[in-house]
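The points are numbered and can be read with the structure open alongside.

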Amino acid sequence: MQRTRRNRYIGLAYVTPALVFVLAFTVYPLGRMIWMSLHDWSLITPPRFIGLDNYKQAFGDRQFWVSFLFTLKYTVLITPVLIVGGYLLALLTAPASRTRAITRTIIFVPVVIGLGVSSLLWYWLFSTNFGVINRILLDLHVIDHPVLWLGVDADTSNFAISTSVVWKVIGFGMILFVGAIQAVPTEITEASLVDGAGYWQRIGRVILPLTMRTVLLVTLVSVIGSLLAFDQFYIMTAGQPQNETATSVFFVYLNSFPYLKLGYGAALSLVLAVTILAFTIVQLVLTRRSES
Amino acid sequence: MTATLERTTIRAVPRPVHTGRMRYLVAAGCIAICTVTLLPLLYSVLASVKPTAEAAATPPTYFPHGFSLDSYRRLWDYQEGLLTYLGNSFGTALLTIVFTLLLTVPAGYALARFPIPGKELIFVVLLLSLIVPYQALLTPMFLMFATIHLTNSLIGLAVLHTAIQLPFSLYILRNSFAAVPRELEEAAVVDGAGSLQTLVRVFIPPTVPAIVTVTLFAFITSWNEFLGALVMMSSSEKFTLPVILATARTETSLGGTDWGMLQAGVTISVIPCVLVYLLLQRYYMAGLMSGAVK
């Protein structure tokens, strides 16, 4: 379109509704959150300015660290499984064949269902007395008596929940890896075939380096997703035992909503947002670099 | 970048030279993986049609010994009734789709095709929520919604879901509008078409696949979203499906969790997602490839 004054105003008119929406429902809450984080405020009492006291309180709060470290532990446990597992599934299903395409479609099915709903499903599968997982393990004589999977021991809960989340999201990485593997030029793979490289050698020396960017990006997306985990823990352990499995987002939720410590909740939200921001910047830099 | 939403070209990747045995191994691996993936879902469906007593049995039976729709009947009448919760979930999802399209179709068009002062800055502001996770913004949003009476409201929840979905939509649509050939647009301008006519007649038809993708993702995001719905809806008649089911997992009339009813709820929640995914797989994959990672 011509660069006329009229066009500028027309363009601005089209973009204004979205801009107003984002200013109202993203930018304003963000500013409000920063303001809240500097105040002592619990809905019943009026907000009182306290500077950085909420942040000081957070870093001295035992539960803040319990939640943060547990979230980190969960992230460190699940990310390698998602990436390595997703990549192996991609290697299996990337080549053109009907069986492989169907397998790919099926592995992706859990990705489209809700995390809340899949957590309810696995909450039942892992149930001590009513769950089929204990039944199978008992019948196979792997265990002598039912295991208390959820909400009794933090590590056992972490393992059980991670299993359910792997089932739910492994297809996401797989599909993106399949896309990257299929984009590797055929001449390159053929050339290495002529050189007499074995299958795994070709994967390690040719395919993996050429798809490394996607591996990095999926890793970051997975890490960010895991650091923001909430649904699965809220539903499957409710933070038990003693809030040991309450993740960072869970901790923010507890302070802001049931406890109504709004200022404190906002400060915690901001710490969380800054942590995520650091990872997102890395992700954007990686994307930018690959585009140029 | 040029993310047109064409079908992702599937290139034939040369397979390792397979001996006959290798082929069987691959097939066996595929079958095993599909089984592990589908069994939990299948098992949930089976549990939902077990008779009441069997659904509450310890240890659980592997296969239903009888068939009954009692679990669905109990879910139908649970609290405000299944129809209320289905209505809330579908209503919110529908509003989310409408809001998202009304905001991002014009904005994507403008950003792709008009000389706007400060365009880059506007685009960055619009994509802001990509960097700030909505989980962190829930506390101030809740307070804001409480003052403007948008808590306990499907419209309010849809606004929140739209805020989550907006950057993705805008990004996809802007790129699609940018990929429409200039000649088409110029012809319309010569014919004397206004900007809105040009949008409807020239730009929308070739970008229908992108619009389908955006609609599909808005639906799935809204239908599945849990934390926002949990925070914004405090009265039970406004709960969405995942929230009422999460409540039902602990609180029941029988004294213990009603497992059969819970799995009936899981089955019903899963059906729309799996259905739209299988029917619109092409659009789903296109969105994933151009939006999720880039």
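**Notes on the two chains**

1. In chain A, UniProt places the feature "domain: ABC transmembrane type-1" at residues 68-283, and the entry is an unreviewed one. The model discussed here is a predicted one, and in it residues 68-283 of chain A are 75% helix and 0% strand, with the end C-alpha atoms 21 Å apart.

2. Is A:A267 buried or exposed? With 27 other C-beta atoms within 10 Å, A:A267 counts as buried, because the cut-off for a buried residue is 20 or more such atoms. Leaving aside residues up to four places away in sequence, A:A267 touches A:S37, A:N54, A:Y55 and A:A58; A:S37 is 230 residues from A:A267 in sequence, yet the two lie 4.3 Å apart in space, C-alpha to C-alpha.

3. The largest nonpolar core has 163 residues, and those that touch the most other members are A:A18, A:A90, A:L120, A:F177, A:F230 and B:A107. For A:F177, the residues touched, not counting those up to four places away in sequence, are A:G86, A:Y87, A:A90, A:T211, A:T214 and A:V218.

4. Between the chains, 81 residues of chain B are in contact with 82 residues of chain A. On the side of chain B that touches chain A, helix α1 (residues 20-48) of chain B gives the most, with eleven residues, and by class that side has 62 nonpolar, 14 polar and five charged residues.

5. Chain B is itself divided into domain 1 (18-50 + 62-68) and domain 2 (75-292), and the C-alpha centres of domain 1 of chain B and domain 2 of chain B are 32 Å apart. How many residues does each domain of chain B bring to the contact? Domain 1 of chain B brings six residues and domain 2 of chain B brings seven residues; the side of domain 1 of chain B that touches domain 2 of chain B has three nonpolar, two polar and one charged residues.

Terms used. Residues are numbered from 1 along each chain as its sequence is written. Chains are lettered from A and ligands numbered from 1 in the order in which they are written. This is a predicted model: local features need pLDDT of at least 70, side-chain atom pairs count only at pLDDT 80 or more; totals for chains, interfaces and linings use all residues. Domain bounds come from an automatic or database domain assignment. Two residues are in contact if their C-beta atoms, placed from the backbone, lie within 7 Å. Ala, Val, Leu, Ile, Met, Phe, Trp, Tyr, Cys and Pro count as nonpolar, Asp, Glu, Lys and Arg as charged, and the others, Gly among them, as polar. UniProt positions are given in the numbering used here, feature names are shortened, and annotations may be inferred rather than shown by experiment. Helices (H or I, at least four residues) and strands (E, at least two) are DSSP runs, numbered from the N terminus. A nonpolar core is a set of buried Ala, Val, Leu, Ile, Met, Phe, Trp, Tyr and Cys residues joined through C-beta atoms within 7 Å. A residue is buried if 20 or more other C-beta atoms lie within 10 Å of its own, exposed if 12 or fewer, and partly exposed in between; C-beta atoms are placed from the backbone.
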